[in-house]
Amino acid sequence: MPITSLKLQNLRKRFHSNPVVLSLESLSLYDGMVTCILGPTGCGKSTLMSMLAGIDLDYEGTIIADTSGHFRISYQFQTDLLLPWRNVTGNILLPFEVSSQKCAPEKLEGLIKSLWLEDVQEKFPEELSTGTRQRVALARALIVDADLRIFDEPLSAQDFASRLHLEAVLRSELRRSDKISIIVTHNVEEAIVLGDRVLVLGGSPTRVVADFHISGLPEINRPVAARKSDAFASYVAQASAALVSKAPPSR
Amino acid sequence: MRDHLPNQLLRVIPLLVLLSAWEILATTSSRIAFLFGRPTTTFTVLISRTFDGTLLLDAAATLIPLLSGFLIGNLTGAALGLLVWRFPRFGFLAQPYLTGLGALPAFILAPLLIVWFGTGAAMKTLIVIMSTMFIAASHTTSGARDIDRRFFQLFRSFGAGDAMIFRLLVLPSIASWVFSSLRLNAGAALLGVFMAEFISSGRGLAHRTLMDAGLYNISAVWAGALCVVAIALVLDGCITILQRAGRPPLSRSGGYHAPTYDRTVAR
């Protein structure tokens, strides 16, 4: 099994000739590891994600994707970006249509079942609630076997009960795929439940203000069990302290 | 939703009342009959011209330039619109010319075109092309520009190339704009071909109507007007059928409302 990694070095982002807004000295992400990114609104998390996804190429420094072959990316954007003229199944299968590949039917069925989309498969985006649309977007991001998976606030539109269920689904999908996963979230608890590693961004220019690994949380029934454990509370305290330690970026 | 049959019949009543009153007035006064024509005479004119073949010849002389010009105008217009969108530098250069030519009523150039191409089908076709091309171009450009740029990023993240993005994203996105421009252009094309015939031509429906008006054959003028209405309705019906057939295959399973989907939902 080839090791895939993503290395960031002296990464700086500025918009036009404005001052640097994002500055990351050195960061390595390895496969099999779920990295959650926390940070105040507007600190450049989404900008960083589009740089990592290769959409935004206007930056200083290097991003090196170390892989044996073609580097595939799946990216769940902050907004669902569903095509209004395709039904739910058509939207989920879009990446396969782009790459002219076939999706294994049991994989599609499994995702549709675990993301509670069985009753809406034939429906069109305009007929769905925001939460359902987000789950369709999540299915579309999860169905691809990508080397790098980016999720930008993947569960923000879900109610708490669905969130617990979907955290479990997301965690097990990402653990099973054994690829690099990055989840951007505003929810400290979610970051700790989902992540093997939590990065807290903050300051001005935005940089990594805390970087810690999560261990010792139960894997079975993780969203609920983890929240009950003692370690969880200390991680929450740690992340919260890092978040409030830096003033939000001036805008 | 389909109306009940009695309701459909109800809609015809105002027309019948109008026509009967008209017919009665025209029978009682020869002055009214001379100035306004008679519905029954209009009907007999339509019948006799259908059987002696003049209606068919006139219709062909009008419809062939109309339809071919409509087709060429919309296709080249849409292609031009896409070029303007895809190559901003070209768009920057072309924009003032497109706006200027689009604002120009094409039949202003009819006298010139008559000098160059005569009064036949070529001149009429050109006027129809010029009447439709610029609306099609600007609608296509607007449609393509209206696509949320994050959709392009999404497709890039799938590893999609330009051709794939065009087929799966741009084409379906601009479809509703293209159809609305087809509808607008149906009117513009009709106007173009009739103006061309009014200005100068040897045959055609508008040419015939102009002759009838010159001979004070008012009932025959109404017959010409009826033919125009019929063409407009048929053209609109064809566009509707095309629009239904043009839906992407996945959407045919139902629940999709092609022309009216709310774009803002995708934002």
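**Pocket and sheet**

The largest pocket in this predicted model holds about 580 Å³ of space. Its lining is made up of 25 residues, and those closest to the pocket centre are L67(B), F70(B), V234(B), L235(B) and C238(B). Four helices of chain B each contribute at least two residues to the lining: α4 (54–86), α7 (121–145), α9 (162–199) and α11 (218–245). By residue class, the lining of the largest pocket comprises 22 nonpolar and three polar residues, with no charged ones.

Strands of a sheet pair through backbone hydrogen bonds, in a parallel or an antiparallel arrangement. The sheet in chain A is open, has three strands in the order β2-β1-β4, and pairs in the antiparallel sense. From one strand to the next, the twist averages 5 degrees.

Strand β1 (residues 5–13) of chain A is joined to β4(A) by six bridges in an antiparallel pairing. Across from R12(A) stands E60(A), a residue of β4(A). Helix α1 (residues 45–52) of chain A lies across β1, β2 and β4 of that chain, and the helix runs at about 125 degrees to β1(A).

How confident is the predictor in chain A, by mean pLDDT? The mean is 88, and 96% of the residues of chain A reach 70 or more.

Terms used: Residues are numbered from 1 along each chain as its sequence is written. Chains are lettered from A and ligands numbered from 1 in the order in which they are written. This is a predicted model: local features need pLDDT of at least 70, side-chain atom pairs count only at pLDDT 80 or more; totals for chains, interfaces and linings use all residues. Side-chain values use heavy atoms; hydrogens and water are left out. Two strands pair if DSSP finds at least two bridges between them. Axes are lines fitted to C-alpha atoms, for helices over the stretch in contact, and angles run from 0 to 180 degrees between N-to-C directions. Contact means heavy atoms within 4.5 Å. pLDDT is the predictor's confidence in each residue, from 0 to 100. On a 1 Å grid over the protein atoms alone, a cavity is a set of points where a 1.4 Å probe fits but cannot get out, and a pocket is an open set with protein on both sides within 12 Å along at least five of seven lines; lining residues have an atom within 4 Å of a point. Grid points are joined across faces, edges and corners, and a volume is the space filled by probe spheres set on the points. Ala, Val, Leu, Ile, Met, Phe, Trp, Tyr, Cys and Pro count as nonpolar, Asp, Glu, Lys and Arg as charged, and the others, Gly among them, as polar.
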